[in-house]
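Visitor: I would like a close look at a single part of this model. Please keep it brisk.

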Amino acid sequence: MTDYAEEQRNELEAIESIYPDSYTVFSEDPISFTITVTSDADENGDTVEATLKFTYVEKYPDEPPLWEVHSQENLENNDVEDILTLLQQQAEENLGMVMIFTLVTAVQEKLNEIVDMMKNRREEEKLRIEREEEEAEKVAFQGTVVTIENFLAWKATFDLDMAELRKKRQKEEEQTGKAKLTGKQLFETDHNLDTSDIQFLEDAGNNVEVDESLFQDIEDLDLEEDDPDFDPLDMDSDED
């Protein structure tokens, strides 16, 4: 007949000596304890950690112990699920033998694998970002290839922007009451402008002053009047 209690006590003594800093008794009846398992550190000093809680059942090791992940650091939920699945597989393979050391060793290896996968994910993410930055630089350098489709899209947006700008300017002019008119628009809106110069001369009468200094003294003009053959009409024809 198997002395389960004796086998359990012997295993606990061995576990305490193997894991002196991470083994903690949780309860005496039933016998329950925790072992904290930490992965090896990666090149950045990052680690993952899981504290496993084991509880002996009456017929352990012919029956598997109870286990759970009591706490963890830097593990994802799927990592925890993978650890629980691993414990189940190892327990089934080691029934009939004390197995705590085997279970803890399997989890230790699993944590190291997780750290390696985290490292690979970081490297892949770094490469992905670098590729995206390179592609962005290429696009910025090459510019956008003009096609009929994107030109029409740009043209539609441009027309809308210009229409909005014209509406805005018209509204501002209406609000200030100072809308500027062209010369043609001024004549169209005020027909008195086409006779304004004539009206000015009629109102001035004979009082229009002329600045004679603006004209050359007639005596200084070389009109060749002393020449009996001089004909002003001939000058016009010569100029033509």
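Visitor: Which residues does Leu111 touch, not counting residues up to four places away in sequence?

Guide: Leu111 touches Val37, Thr38, Ser39, Val48, Glu49, Ala50, Leu75 and Ile83. Contact means heavy atoms within 4.5 Å. This is a predicted model, where local features need pLDDT of at least 70, side-chain atom pairs count only at pLDDT 80 or more, and totals for chains, interfaces and linings use all residues. Residues are numbered from 1 along each chain as its sequence is written, and side-chain values use heavy atoms, with hydrogens and water left out.

Leu111 sits in helix α3 (residues 100–142). Helices are DSSP runs of H or I, at least four residues, and strands are runs of E, at least two, numbered from the N terminus. Leu111 counts as buried because its relative accessibility is 0%. Buried means under 20% relative accessible area, exposed over 50%, and partly exposed in between (1.4 Å probe, protein chains only).

One of the residues that Leu111 touches is Thr38. Thr38 lies 73 residues from Leu111 along the chain, yet their C-alpha atoms are separated by 7.2 Å. Strand β2 covers residues 32–38.

Phe33 is in that strand, β2. Phe33 is buried, and so is Tyr23. Ring pairs link Phe33 into a cluster with Tyr23, Phe54, Tyr56 and Tyr60. Rings of Phe, Tyr and Trp (its six-membered ring) pair if their centres lie within 6.5 Å; planes under 30 degrees apart count as stacked, over 60 as edge-to-face and the rest as tilted.
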